[in-house]
Amino acid sequence: MGVSGFPVGPFDGTWTTLFSVAIALPITMIVALLAALTVAAEAAGAASSLVRSAGRSARAVPPVVTGCAVAVIAAASGATNIVGITVLALFIACLPSAAATLVETFNSRYARRRLFAAAAAGASPRYIALAVHIRGSVRLIGAVALRTAARMCVETAAIVIALAGVAGAFSGGPSPANVEAPYAPFAVIQFFASAAHPEAPIIAWRAISLVALVLALHAAARLIEGEPHELRGRA
Amino acid sequence: MTGLAERLTITSGRLCAWLVVCAPVSVVAVIAYAAMQVRDRPADISYVAPIAMTLVIAAVAAAVGGGLGGVLAFASAEFGQPRLARVVRMCVACVRSVPPLVLGWLAWLIIMPTAYSLGAKTPPQMWELVAAAIVVLATLIVPPAFGAVLHALDRVPAETRAAAAASGANRAQVALQVLVPLVERTLWAAIAMGFARAAGEATAVTLVFVAGAFYQWPLAGVALGTSLAGAHGAGDLISLGQAAAAGLVLTSFGFIAVIVANRFDRRIAWA
């Protein structure tokens, strides 16, 4: 089991990454959005305060640990599908922070003002959720989705550990080192290829493409959400 | 029908909220369970040295990165021209966009050869690798610390500045004697959160230490995150039990750091 067998195509793993993010991102955003709306409407009961705490406590769980837990779950359940394991790792790693950010968005001063105005006007809870929160914060929700996508594209540690851990449990299971490179996520290939051939020019191109991808997603997020209000006032 | 749809929406929302709550809890529970079930406890890996090394690297990186980010945010917000502050924010945003993976690779590619060119011996000494890891981790911590202090400065009411200025304080006095005490706790919280991030960051540190592994160094004996990312060298299989035990220790560090950060500033904006 080594790392030297990786082909060095510049776009190896791109489709697997896109496929994994395309599955993980909608699931994560839908769950986070529903949870945040429920918390903002104060309809989540005991979970309301816990969702905010989950966002903070999730910072204490490193991605490598999340990957390790996913590997344990996959090993226990016998799952060996690379995309499935990757999606699970990305979902668990990104869900708490996405939900906490959306809760903050829906509980901001401006969102609360809109909420009180709609409630005073006799709006139904469904109207408040759909029209006041979602329509009023659609740009911020889009920005959160883009930032979550950026994080998912480069969440290497969780995926590497998840896949390598499953391979440790099942001899011949899905390990980045023993699958065809085009079928392993991009960041994973980048990780192993960097370790094996750091001076290869292809690694530089991959690194540049990763940085460009993340930068583009962050820039798009900033573009659609605009300058933060406080900073706009300061500048 | 409408009532049923609303009830279904609220129920599914509650389920999603509990799912969010359960995500980190279940990760910790699974890791704890797996760590307790360790049967393949490796005899050749002691956790004392990795824990000590992780603590040292994370603490130094958090102090350097958190302090630098805080000072940069304070200086750009209070003493810099608006245009300069905007440029600094853009630069920090660019650094934030660089994935840890790429930073680790850059450290290996740039920092290590630079050390050689400055007269360092080949193969690299341990302190050189540790220094490279600290540089990488500190670079990772600067952007969130910058953002946290900037956010804390934005939370200071305008009346506070106006009152200090009306009392005859000049710009430097307002900044150093009024604002610094107000954001000091946020800075400490940022350093604590930076410690949690540095302790848990495996990808970048692993790539730095892989350089040492090429010279037959035991990678797992260096830092906890490294021991997870490549127990016997990058690309080899990892032992789940061994990784779970290391992960449990790492998570404990993280929770302690977050609790400390909450003691300083519960509203810290740490992204």
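Guide: Helices (H or I, at least four residues) and strands (E, at least two) are DSSP runs, numbered from the N terminus. By that count chain B has 10 helices and 0 strands, and its pattern along the sequence reads α-α-α-α-α-α-α-α-α-α.

The model is a predicted one, in which local features need pLDDT of at least 70 and side-chain atom pairs count only at pLDDT 80 or more, while totals for chains, interfaces and linings use all residues. Residues are numbered from 1 along each chain as its sequence is written, and chains are lettered from A and ligands numbered from 1 in the order in which they are written.

Next comes burial. A residue is buried if 20 or more other C-beta atoms lie within 10 Å of its own, exposed if 12 or fewer, and partly exposed in between, with C-beta atoms placed from the backbone. Of the 271 residues in chain B, 51% are buried.

Two residues are in contact if their C-beta atoms, placed from the backbone, lie within 7 Å. Among the contacts in chain B with a separation of 6 or more, 82% are between residues 24 or more positions apart.

Now for the residue itself. B:Asp265 is found in the segment after helix H10 (240-264) of chain B. B:Asp265 counts as buried because it has 23 C-beta neighbours inside 10 Å. Apart from neighbours within four places in sequence, B:Asp265 is in contact with B:Arg185, B:Thr186 and B:Ala189. B:Leu187 is 78 residues from B:Asp265 in sequence, yet the C-alpha atoms of the two are 8.9 Å apart in space.

Chain B is also divided into domain 1 (1-37) and domain 2 (45-264), with bounds that come from an automatic or database domain assignment. Where these domains meet, the contact takes 6 residues from domain 1 of chain B and 7 residues from domain 2 of chain B. For the classes, Ala, Val, Leu, Ile, Met, Phe, Trp, Tyr, Cys and Pro count as nonpolar, Asp, Glu, Lys and Arg as charged, and the others, Gly among them, as polar. The side of domain 1 that touches domain 2 in chain B has 5 nonpolar residues, 1 polar and no charged.

Finally, chain B touches chain A, in a contact that takes 62 residues from chain B and 68 residues from chain A. The side of chain A that touches chain B is made up of 51 nonpolar, 12 polar and 5 charged residues.
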